[in-house]
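Thank you all for coming.

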Amino acid sequence: MAGVAIGVMVLVVVLSVFGGFEKLVKERVLSYTPHITIERVAPWPDPEQFPEYNAQEEWRAVEKSMSSLKGVESAYALVNDFILLDREGAVAPASMQAIDTTNESQLKSLQDLIKDGNGNADMGLGETAVISSLTAEKFGISVGETIQIHTNRNLKQLQPVLDRIGSDSAYTTFNVQIQALEKDMKEAVKAAGEREAVAITTIEDLYYNRLVALQESNLRTAEKDIVQSVRDHLADSLERTTERPDSSGDYIFNKGHMDKAIELLESLKTVDTKEGDINDVKHMKTIVLPKDLKVIGIYQATRHAYSPDVFVPLPTGQDLTGLGDGVRGIALRLDDPYHAAKVLNETILKNMPESGAWQARTWMEDHQQQFSLIKTQRQLLTFSLSFIMMVSAFSIMAVMFTVTIQKKREIGVMKALGAAPAQLVRVFLYQGIIIGLFGGLIGLGLGYFVIVNRQAVLNLFASWGFDPFPSEFNGFEGLPAIMQPAEFIGVFVFAFVMCVFATLVPAIVASRSDAAKSLRNM
């Protein structure tokens with residue numbers, strides 16, 4: 001009975017602790033993770049090429065439309081990226097997430113993770129930051145200190161320029177492709193009276209494919225401008241003999257039109273590479289410089305769940321990632337995050353922008369592997385600990401087999417007096433029922449007692465110098481637990497069935513014994 005009670009106690013304690021642990025991790029993740037992320041998959045148009053385009057107007061419209069949907073609590077802009085965090089020369093990779101500091105719900109969720117004495121989450125629009133406790137511990141950062149953040153935007157903008165400096169001209173580097181282009185352009189010309197004609201398919205292949213491939217190579221700005229002038233010249237046709245969708249036919253040009261295009265392409269020879277390199281450096285887009293941010297808060301993070309290392313205000317995040325007025329996506333917080341999949345399928349997807357530049361996913365998809373790992377650990381530990389009750393059941397079976405041997409003569413007398421096999425089985429079965437019933441109930445009681453007083457148990461272990469659940473590692477104080485009646489009942493039923501089965505086997509063997517042989521030994 002003690003073995004059964006211990007097995008039941010250990011199982012209910014483990015299930016309750018893992019259930020509470022999983023719930024706490026989910027709550028911690030959901031405090032800063034979007035319940036549904038509507039991500040921008042298409043790149044934002046270049047503001048220099050499309051100055052009339054307003055990226056902020058587009059994502060603000062998406063944000064407003066989504067925030068009014070049923071089941072959505074709030075919507076806010078999302079900007080995240082990987083960065084290099086520098087503190088007094090100590091540099092390490094980190095993750096950054098920008099939050100809209102005008103969104104009270106988002107700030108409150110972050111503030112709830114900051115313990116008293118560790119600052120606050122009120123970043124405003126200045127160059128401030130809130131970092132995780134793990135990052136603070138790693139770098140030795142305290143509230144009020146300054147950190148420096150670098151992003152890979154610097155490298156993305158500088159690297160192509162650095163690669164071009166001192167290199168050969170485009171005409172030399174891509175001479176084979178250019179010569180092939182000029183040859184095909186000459187051969188494509190057909191006489192059309194006083195004009196010349198070129199097949200539509202040829203012009204479109206040159207315009208959309210071959211010249212674009214050349215232009216997208218790592219060319220100097222002056223060289224790219226020349227290639228673009230060739231494309232513009234080819235597009236300047238007098239007329240087209242066939243309209244789409246039938247692409248057969250010709251483009252009609254004045255005499256010498258294609259020769260002019262070849263002449264423009266030949267001007268790549270005249271580009272001064274040294275001057276072009278200097279001009280590229282001078283006219284380079286604004287480089288995203290490192291930012292010095294003041295740490296105003298340290299929030300409590302856990303090693304069991306991914307969390308951003310640094311939170312920054314939205315304008316700072318947009319500057320660091322080079323998005324300008326754009327964002328990575330729109331984050332949605334729901335009334336019930338556990339119904340995210342239902343809200344996504346029934347509401348969000350039906351109201352997505354028609355441009356096709358956005359796609360949506362739930363927090364469950366983002367953290368599926370993480371929570372699957374916790375669930376698997378719980379299942380494996382439960383399976384392993386259930387062997388305690390199985391060992392108890394085998395012990396009970398062994399004891400019952402011993403009892404049947406010791407009571408062999410009594411069994412023979414009972415059978416000689418007319419006892420039915422079922423009556424003999426019941427005698428032993430009642431013992432198993434009593435052991436399973438009272439052992440299970442005692443185990444549930446002990447388990448409940450341990451769960452309720454788990455902090456006192458942990459304090460006792462800590463007084464002995466052993467802390468099995470350090471808060472520095474877990475990111476939360478104490479030991480979480482959640483008691484679910486269904487799990488308690490399931491463990492009790494499992495223990496009871498094992499005990500009954502353990503007594504049933506020897507009872508059946510005893511009921512089939514020969515009464516005459518048993519009585520001879522009297």
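The protein has 21 helices and 13 strands, where helices (H or I, at least four residues) and strands (E, at least two) are DSSP runs numbered from the N terminus. Please keep in mind that this is a predicted model, in which local features need pLDDT of at least 70 and side-chain atom pairs count only at pLDDT 80 or more, while totals for chains, interfaces and linings use all residues. Residues are numbered from 1 along each chain as its sequence is written, and side-chain values use heavy atoms, with hydrogens and water left out.

Of the 522 residues in the protein, 44% are buried, meaning under 20% relative accessible area, with exposed being over 50% and partly exposed in between (1.4 Å probe, protein chains only).

Let me turn to strand E2, which spans residues 72-87 and is mostly covered, with 12 of its 16 residues buried. Strands pair here if DSSP finds at least two bridges between them, and E2 runs antiparallel to strand E3 (residues 90-99), to which 9 bridges join it; valine 79, for example, stands opposite alanine 98 in E3. E2 and E3 form a hairpin with 2 residues between them, and glutamate 88 in the turn has a positive phi of about 55 degrees. Strand E12 (residues 329-334) is also antiparallel to E2 and is joined to it by 6 bridges, with arginine 333 in E12 as the bridge partner of serine 74. E2 pairs in the antiparallel sense with strand E5 (residues 146-151) as well, over 4 bridges, and there threonine 151 in E5 is the bridge partner of isoleucine 83.

Next comes an open sheet of 4 strands, with antiparallel pairing and the order E6-E7-E9-E8. Strand E6 (190-192) and strand E8 (239-240) stand at its edges with a single partner strand each, so one side of each is left without a neighbour in the sheet. Strands E7 (residues 195-199) and E9 (residues 250-254) are joined by 5 bridges, and alanine 199 stands opposite aspartate 250 in E9.

Finally, which helix holds tyrosine 430? Tyrosine 430 lies in helix H17, residues 421-452, and counts as partly exposed because its relative accessibility is 47%.
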